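Hi,

Here is the structure I promised to send over. Have a look at it first, then read on for what turned up in it.

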Amino acid sequence: MSRMKQATLTSLKGVVVVEDLLRHKSILDNSKETEDIINALNYLKKKKPCKEVIASTAIDKSLQELKSNPNKIRYDNLTRHIRRNAVRLFTEALGGLESDEICADTIEKEIFHHYKRLISKPYKKTVRKVVFMIKHREKEREALRKHQMSYMQLLARCIQ
């Protein structure tokens, strides 16, 4: 028979301890480690502070700053490596110019966003399809370079 534990007042979902909010706010503001930031955000997600507590701790400003700074939370090394490799493959397929790299980066971002910001088998398969299409179909490659075809039109042909 399992024993039931009595919950403490501070462990309940709706109860907010201001000191804990301030501690997690400090983590959001000062930490460079992605894992620490994610843990702090997960803690804050469980709490429902009132407007007065939010205003007094100024945690909303820290969250807005985190939201507006794309470099604050970065992906793991494997994800970054796979995404960089996809951009490199697109750039090489387009011809290797600086403008091609900008185009390649945009294509990769659209694919990544389409697959809900996850590196999955469909993401990798789509990257391969796009590289093949750009590399072996000169008509599409030139249309993309001359902006006669949008990135979305290219991706619509590759994503099913």
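Let's start with a term you'll need: a salt bridge is a side-chain nitrogen of Lys or Arg within 4 Å of a carboxyl oxygen of Asp or Glu. Keep in mind that this is a predicted model.

With that rule, Glu142 and Arg145 make a salt bridge, and their closest N and O atoms are 3.4 Å apart. Both sit in helix α8, and because they are three residues apart there, about one helical turn separates them. Glu142 is partly exposed, at 25% relative accessibility. Arg145 is partly exposed too, with a relative accessible area of 32%.

Arg145 has another partner. Its side chain also meets that of Asp100 in a salt bridge, at 3.5 Å from N to O. Here Arg145 belongs to helix α8 and Asp100 to helix α6, so the pair ties together parts that are 45 residues apart in sequence. Is Asp100 buried or exposed? Asp100 counts as buried, at 4% relative accessibility. Through shared partners, the salt bridges join Asp100, Glu142 and Arg145 into one network.

Asp105 is partly exposed, with a relative accessible area of 28%, and Lys109 is partly exposed at 46% relative accessibility. The count for the model comes to eight salt bridges.

Back to α8, which runs over residues 138-145. Which of its residues are buried? They are Glu140, Arg141, Ala143 and Leu144. Seen down the helix axis, these buried residues fall within an arc of 165°, so they line one face of α8. The face turned away from the buried side carries the exposed residues Glu138 and Lys139. As for what the buried residues pack against, the partners are α5 (77-94), α6, α7 (121-136) and α9 (151-158). Just after α8 comes His147, which takes a positive phi of about 60°.

Next, the nonpolar core. In soluble globular proteins, nonpolar side chains tend to be buried together. The largest nonpolar core here has 25 residues. Those with the most contacts inside it are Phe90, Ile107, Ile111, Tyr123, Val130, Ile134 and Leu154. Helices α5, α6, α7, α8 and α9 each supply at least two residues of this core. Apart from it lies another core, of nine residues, including Ile37, Ala40, Tyr43 and Val53.

Tyr123 is buried, with a relative accessible area of 1%. Leaving aside neighbours within four places in sequence, Tyr123 is in contact with Ile82, Arg83, Ala86, Glu108, Ile111, Phe112, Tyr115 and Leu118.

How many aromatic pairs does the count come to? The count comes to one. The partners are Phe112 and Tyr123, which form an edge-to-face pair, 6.1 Å centre to centre with 80° between the planes. Phe112 lies in helix α6 and Tyr123 in helix α7, so this pair ties together parts that are 11 residues apart in sequence. Phe112 is buried, at 3% relative accessibility. The ring of Phe112 also has the charged end of Arg83 sitting over it, 3.8 Å from the ring centre.

Glu108 counts as buried because its relative accessibility is 1%, and buried means under 20%. Setting aside neighbours within four places in sequence, Glu108 is in contact with Arg83, Ala86, Val87, Phe90 and Tyr123.

Cheers

Terms used:
Residues numbered from 1 in each chain as written. Predicted model: local features only at pLDDT ≥ 70, side-chain atom pairs only at ≥ 80, totals over all residues. Heavy atoms only, no water. Buried < 20%, exposed > 50% of the residue type's maximum accessible area, 1.4 Å probe, protein only. Contact = heavy atoms within 4.5 Å. Helix = DSSP H or I, 4+ residues; strand = E, 2+ residues; numbered from the N terminus. Arc of directions from axis to C-beta. Core = buried A, V, L, I, M, F, W, Y, C linked by side-chain atoms within 4.5 Å. Phe/Tyr/Trp six-rings, centres within 6.5 Å; stacked < 30°, edge-to-face > 60°. Lys NZ or Arg CZ within 6 Å of the ring centre and 35° of its normal.
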